[in-house]
Amino acid sequence: MTRMVQCAKLGKELPGIAYKPFDNELGQRIFDSVSQEAWMMWVEHSKMIVNEYRLDLTSKKAHEVLLEQCEQFFFGEGAAPPPEYQAPPE
């Protein structure tokens with residue numbers, strides 16, 4: 001049976017993610033209150049962050065930036081794109 005959550009990002013009851021994404025308090029908050037749909041939105045957004053900030057995912061600092069952006073994306077004002085980011089033409 002699918003686990004349902006009241007999604008903090010999308011504001012409605014939806015299927016939750018299947019696993020705790022981080023082994024910390026933020027990971028538990030996400031598991032408890034973020035839907036699979038919103039998580040996939042974050043995955044796409046995080047790719048943009050990694051590319052635009054040119055994050056080295058082997059560094060601790062890069063992980064700190066991603067965790068901070070992730071928390072803002074789900075529970076804060078939303079994660080803003082980097083200052084120099086220009087959306088691709090449609």
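Guide: Helices (H or I, at least four residues) and strands (E, at least two) are DSSP runs, numbered from the N terminus. This is a predicted model, in which local features need pLDDT of at least 70 and side-chain atom pairs count only at pLDDT 80 or more, while totals for chains, interfaces and linings use all residues. Residues are numbered from 1 along each chain as its sequence is written, and side-chain values use heavy atoms, with hydrogens and water left out.

Visitor: What do the side chains of Glu44 and Lys47 form where they meet?

Guide: The side chains of Glu44 and Lys47 form a salt bridge, at 3.0 Å from N to O; the term stands for a side-chain nitrogen of Lys or Arg within 4 Å of a carboxyl oxygen of Asp or Glu. Glu44 counts as partly exposed at 47% relative accessibility, and Lys47 is partly exposed as well, with a relative accessible area of 44%. Here buried means under 20% relative accessible area, exposed over 50%, and partly exposed in between (1.4 Å probe, protein chains only).

Visitor: How many salt bridges are there in the whole structure?

Guide: A search of the whole structure finds three. One of them joins Arg29 and Glu71, again with 3.0 Å from N to O, and this pair links distant parts of the chain, since Arg29 is in helix H1 and Glu71 in helix H3, 42 residues apart. Arg29 is partly exposed at 30% relative accessibility, and Glu71 is partly exposed at 34%. Another salt bridge is formed by Asp23 with Lys20, whose closest N and O atoms are 3.7 Å apart; Asp23 is exposed, with a relative accessible area of 75%, whereas Lys20 is partly exposed at 36%.

Visitor: Let me step back a bit. What order do the elements of the protein chain run in, from the N terminus on?

Guide: The order is β-β-α-α-α, and the secondary structure comes to three helices and two strands. Of the 90 residues of the protein chain, 33% count as buried.

Visitor: Which residues touch the most other members in the largest nonpolar core?

Guide: They are Ile30, Trp39, Trp42, Leu55, Cys70 and Phe74, in a core of 19 residues. Helix H1 (25-33), helix H2 (36-53) and helix H3 (60-75) each supply at least two residues of this core. A nonpolar core is a set of buried Ala, Val, Leu, Ile, Met, Phe, Trp, Tyr and Cys residues joined through side-chain atoms within 4.5 Å. In soluble globular proteins, nonpolar side chains tend to be buried together.

Visitor: And what is Leu55 in contact with, leaving aside its neighbours within four places in sequence?

Guide: Leu55 is in contact with Ile49, Val50, Ala62, Val65 and Leu66, where contact means heavy atoms within 4.5 Å.

Visitor: Now on to H3. Which of its residues are buried?

Guide: The buried residues of H3 are Ala62, Val65, Leu66, Gln69, Cys70, Phe73 and Phe74. They cover an arc of only 150 degrees around the axis, so they are on the same side of H3; the arc is that of the directions from the helix axis to the C-beta atoms. What covers these buried residues includes H1 and H2, while the face of H3 turned away from its buried side carries the exposed residues Lys60, Lys61 and Glu68.

Visitor: Where does Leu67 lie, and what does Leu67 touch beyond residues up to four places away in sequence?

Guide: Leu67 lies in helix H3 and is partly exposed, with a relative accessible area of 28%. Beyond those sequence neighbours, Leu67 touches Phe22, Asn24 and Leu26. Leu67 and Gly27 are 40 residues apart in sequence, and their C-alpha atoms are 9.4 Å apart in space.
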